[in-house]
There are 2 protein chains.
Amino acid sequence: MDKLDNVIFYNLEKAVKSYRQFAQANCLKAGVEITIDQWLVLKTIGEYPDITQHQLAGRIFKDVASVTRMIELLVTKDLLFRKSHAEDRRRFTLTLSDRGRKVLELMRPISLSNRRQALEGVTETELQTVQGVLQKIIHNVSKEVDEKTV
Amino acid sequence: MDKLDNVIFYNLEKAVKSYRQFAQANCLKAGVEITIDQWLVLKTIGEYPDITQHQLAGRIFKDVASVTRMIELLVTKDLLFRKSHAEDRRRFTLTLSDRGRKVLELMRPISLSNRRQALEGVTETELQTVQGVLQKIIHNVSKEVDEKTV
DNA sequence: TTGAATTTATTGATATATCAATTATATTTG
DNA sequence: CAAATATAATTGATATATCAATAAATTCAA
C-alpha cells in the first residue's frame, strides 16, 4: 500500500492541476490573454479595492515577492494601475484599468462555465462535505502555537 | 456572491498549498534537505523502476521539461543515477542511489505523520466522498474527444 | 521625541511551470 | 528498405514560487 494514488493529497493536487489546465485552455479559446493567476490578482483587487500587496498575497496563497512581479506584469499589460498610496507611502494603491475591468467581465461567464462543467454530476451534499473537509485540513495544517511548549 | 471564498477550486488550491507548506516545513524540521516535488520524483521512481521521464511527468502532473531539470538536480545531489537505457537509446534508466533510498526511508514516517495530522477529525466516510468528487472533477476536465464534433 | 520594532514592498538567487523548437532514436508504412 | 511518422528527451524563453537580504516608511515605547 502506501502508493501515491491512494493518498488524498496526491489526488487533490491532480484535481487542482487538471482543473487549472482546463480553465486556462478555455480562457485562451475565448481569446482572453491572461493566466489564471493573473486573473486571480485582478479579481481579488476588484473585490478588495484598498488591499495591500501583502494581504493580496495571503488571499491568493502566494509570496509577496511573486505578487510584486505579477503586478509589474499586469501594469505592463495595461490591466492595472499602481500609484503611491495617499495615506501610507510604503503602500501602493492598485486600480483596475478599463482593460482590466473588461477582462474581468469577459472572464465571468467563462469561469462560471468552467466550474459548472468541472462539477457536473457532483451533488450539493457532496460539495458541502468536500468544503468541510478542506476547511478541516486547512485548519489542521495551519501553524498554531503549540500549547504544550508555551 | 461569486466571491472567491465560496468557490470550491479556490479552497482546493488553498488546502493544497497549505498542506505543502506544512509538509515541507516538517521535512526541514526532520533534517531532510529535499523539496516535496523532489521527493515525489524519487518516490515515483521507487514505485516504477523502469519508468520513462515522460511517464514520470504524467504521474506527478508536471511538464517533461520540468522533469528533465529536476532529474538533473537530483543527480547533482547524488540522490539519483541516470544512465542510458539498455534497449532504447532515446531513454534513460533512472536509479535511486543509496542516499536516495535513505531519503525515502527517512521520509516515510514523516509523510505518514503529515497526513495523519492533516486529516485529524476527518472521517473515513468523508474521505471516500472527497476522493469520489475529486475523481469526478478529474474526469470532467480531462480533455476528451467531443462526440458531437467527430 | 528619539530609537527600536514593525510594516510594506523590492530585489537577487534558485527551483519549478509551461510552451515551442530542436535533436536523436525508433517504429511504421508504402 | 527508405521516407514519413512517432517517441524520448533537451534547451531556450518567460512566468511563477520561495527564501533571504535590503530599503523605506510608520508605529510603538521608553
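Two residues are in contact if their C-beta atoms, placed from the backbone, lie within 7 Å. By this rule A:Gly100 touches A:Leu42, A:Leu79 and A:Leu80, when residues up to four places away in sequence are not counted. The model discussed here is a predicted one, in which local features need pLDDT of at least 70 and side-chain atom pairs count only at pLDDT 80 or more, while totals for chains, interfaces and linings use all residues. Residues are numbered from 1 along each chain as its sequence is written, and chains are lettered from A, with ligands numbered from 1, in the order in which they are written.

**A glycine and its helix**

A:Gly100 is found in helix α5 of chain A, where helices (H or I, at least four residues) and strands (E, at least two) are DSSP runs numbered from the N terminus. Because it has 24 C-beta neighbours inside 10 Å, A:Gly100 counts as buried; a residue is buried if 20 or more other C-beta atoms lie within 10 Å of its own, exposed if 12 or fewer, and partly exposed in between, with C-beta atoms placed from the backbone. The C-alpha atom of A:Gly100 is separated by 9.1 Å from that of A:Lys77, although the two residues are 23 apart along the chain.

Helix α5 of chain A, residues 98–118, has 21 residues and reaches 30 Å from its first C-alpha to its last, close to the 30 Å expected at 1.5 Å a residue; the expected span of a helix is 1.5 Å times one less than its number of residues. At A:Met107 this helix bends by about 35°, and a proline, A:Pro109, follows within four residues. The bend at a residue is the angle between axes fitted to the seven residues ending there and the seven starting there. Besides A:Gly100, the buried residues of α5(A) are A:Val103, A:Met107, A:Asn114 and A:Ala118. The buried residues of α5(A) pack against α1, α2, β1 and β2 of chain A, together with α6 of chain B.

For α2(A), 12 residues at 1.5 Å a residue should span 16 Å, and the end C-alpha atoms are 16 Å apart, which agrees. Among the buried residues of α2(A) are A:Trp39, A:Leu42 and A:Ile45, and the buried residues of this helix pack against α3, α4, β1, β2 and α5 of chain A.

**How the two chains meet**

In the pairing of the chains, 39 residues of chain A are in contact with 39 residues of chain B. The elements that give two or more residues to the side of chain A that touches chain B are α1, α2, α5 and α6 of chain A. By class, that side of chain A has 20 nonpolar, nine polar and 10 charged residues, where Ala, Val, Leu, Ile, Met, Phe, Trp, Tyr, Cys and Pro count as nonpolar, Asp, Glu, Lys and Arg as charged, and the others, Gly among them, as polar.

A rotation of 180° with 0.0 Å of shift along its axis superposes chain A on chain B, with an RMSD of 0.0 Å. That is the relation of a two-fold axis; copies are superposed by least squares on the C-alpha atoms of residues with pLDDT of at least 70 in both. Of the residues of chain A, A:Val130 comes closest to the rotation axis, at 2.7 Å (C-alpha). Since 100% of the interface residues of chain A are also interface residues in chain B, the copies meet through the same surface.

**The DNA strands**

| DNA strand | Residues around the strand | Closest residues |

α4(B) gives the most to the surface near DNA strand C, with five residues, whereas α4(A) gives the most to the surface near DNA strand D, with five residues. By class, the surface near DNA strand C has six nonpolar, seven polar and nine charged residues.

**Two residues with positive phi**

Most residues other than glycine have a negative phi. In A:Asp78, however, phi is near 60°, a positive value. A:Asp78 is found in the loop between α4 and β1 of chain A, and it counts as exposed because it has 11 C-beta neighbours inside 10 Å. Phi of B:Phe61 is also near 60°; B:Phe61 lies in the loop between α3 and α4 of chain B, and with 17 C-beta neighbours inside 10 Å it counts as partly exposed.
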